Amino acid sequence: MTLPRLNVYRHDRGARSLVTLAGVIDPLTAPLVRAALEQCLRDGITLIDVDLTPVERCDDSGLRVFLDVSEHAAEAQGFLHLHHPSPQTERLLMDAGCDGLLHPMRPGGARPQRA
């Protein structure tokens, strides 16, 4: 028996959804992430909080999904926020200039700063 490379958990409360991703986000699993987040938008969710705490690794295919879904959310007057990325994922987002997707998580609400 092989374990799934990625698990997706979704909890809705009104027009807000918490999506927790656990595992690896790569070319094999990015379509699953995209499908789950796009489904939130189709279901009328306007604020999608993505908890990345249990994500072991995220590559540029995951970054592309987050950017695309963020754009689709904005078109629907919604928002996508990423919470608690690993240092590797945080660097990936900052290097790509996408740190605006990161929810403030530093003391005092400051966003992480680019090096």
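Reader: Is Arg10 buried, partly exposed or exposed?
Author: Arg10 is partly exposed in this predicted model. Its relative accessible area is 35%.

Reader: What does the side chain of Arg10 meet in a salt bridge?
Author: The side chain of Asp12, at 2.8 Å from N to O. Asp12 is partly exposed as well, with a relative accessible area of 36%.

Reader: Which residues are linked with Arg10 and Asp12 in a network?
Author: Asp43 joins them. Arg10, Asp12 and Asp43 form a network of salt bridges.

Reader: How many salt bridges in total?
Author: The count comes to six. Among them is the pair of Asp26 and Arg5, whose side chains meet at 1.8 Å, N to O.

Reader: What does Asp49 pair with?
Author: The side chain of Asp49 meets that of Arg16 in a salt bridge, 2.6 Å from N to O. This pair links distant parts of the chain, with Asp49 in strand 3 (residues 47-51) and Arg16 in strand 2, 33 residues apart.

Reader: What are the relative accessible areas there?
Author: Asp49 has 7% and is buried. Arg16 has 41% and is partly exposed.

Reader: Why would such side chains pair at all?
Author: Side chains of opposite charge can pair when their charged atoms come close.

Reader: Switching to helix 2. Where is Asp68 found?
Author: Asp68 sits in helix 2, which covers residues 60-75. Its relative accessibility is 17%, so Asp68 counts as buried.

Reader: Which side chain does Asp68 make a polar contact with?
Author: That of Arg34, at 3.0 Å, side chain to side chain.

Reader: Now Leu80. Which strand?
Author: Strand 5, residues 79-83. Leu80 is buried, with a relative accessible area of 4%.

Reader: What is Leu80 in contact with, leaving aside its neighbours within four places in sequence?
Author: The contacts are Leu37, Ile48, Val50, Phe66, Val69, Ser70, Ala73 and Leu101. Of these, Phe66, Val69, Ser70 and Ala73 fall within the residues 60-75 of helix 2.

Reader: How far apart are Leu80 and Leu47?
Author: In sequence, 33 residues; in space, 6.1 Å from C-alpha to C-alpha.

Reader: Zooming out, what pattern does the chain follow?
Author: Along the sequence it reads β-β-α-β-β-α-β-α. The chain has three helices and five strands.

Reader: What share of the residues count as buried?
Author: 46% of the 115 residues in the chain. Asp26, Asp49 and Leu80 count as buried.

Reader: And what share of the contacts in the chain is between residues 24 or more positions apart?
Author: Such residues account for 59% of the contacts with a separation of 6 or more.

Reader: Last one: what is the accessible surface of the chain?
Author: About 6500 Å², and 56% of that belongs to carbon and sulfur atoms.

Key. Residues are numbered from 1 along each chain as its sequence is written. This is a predicted model: local features need pLDDT of at least 70, side-chain atom pairs count only at pLDDT 80 or more; totals for chains, interfaces and linings use all residues. Side-chain values use heavy atoms; hydrogens and water are left out. Helices (H or I, at least four residues) and strands (E, at least two) are DSSP runs, numbered from the N terminus. Buried means under 20% relative accessible area, exposed over 50%, partly exposed in between (1.4 Å probe, protein chains only). A polar contact is a pair of N or O atoms within 3.5 Å; within protein, one must be able to donate a hydrogen and the other to accept it, and residues adjacent in sequence count only if both atoms are side-chain atoms. A salt bridge is a side-chain nitrogen of Lys or Arg within 4 Å of a carboxyl oxygen of Asp or Glu. Contact means heavy atoms within 4.5 Å. Accessible areas come from the Shrake-Rupley method with a 1.4 Å probe; for residues, only the protein chains shown count as cover.
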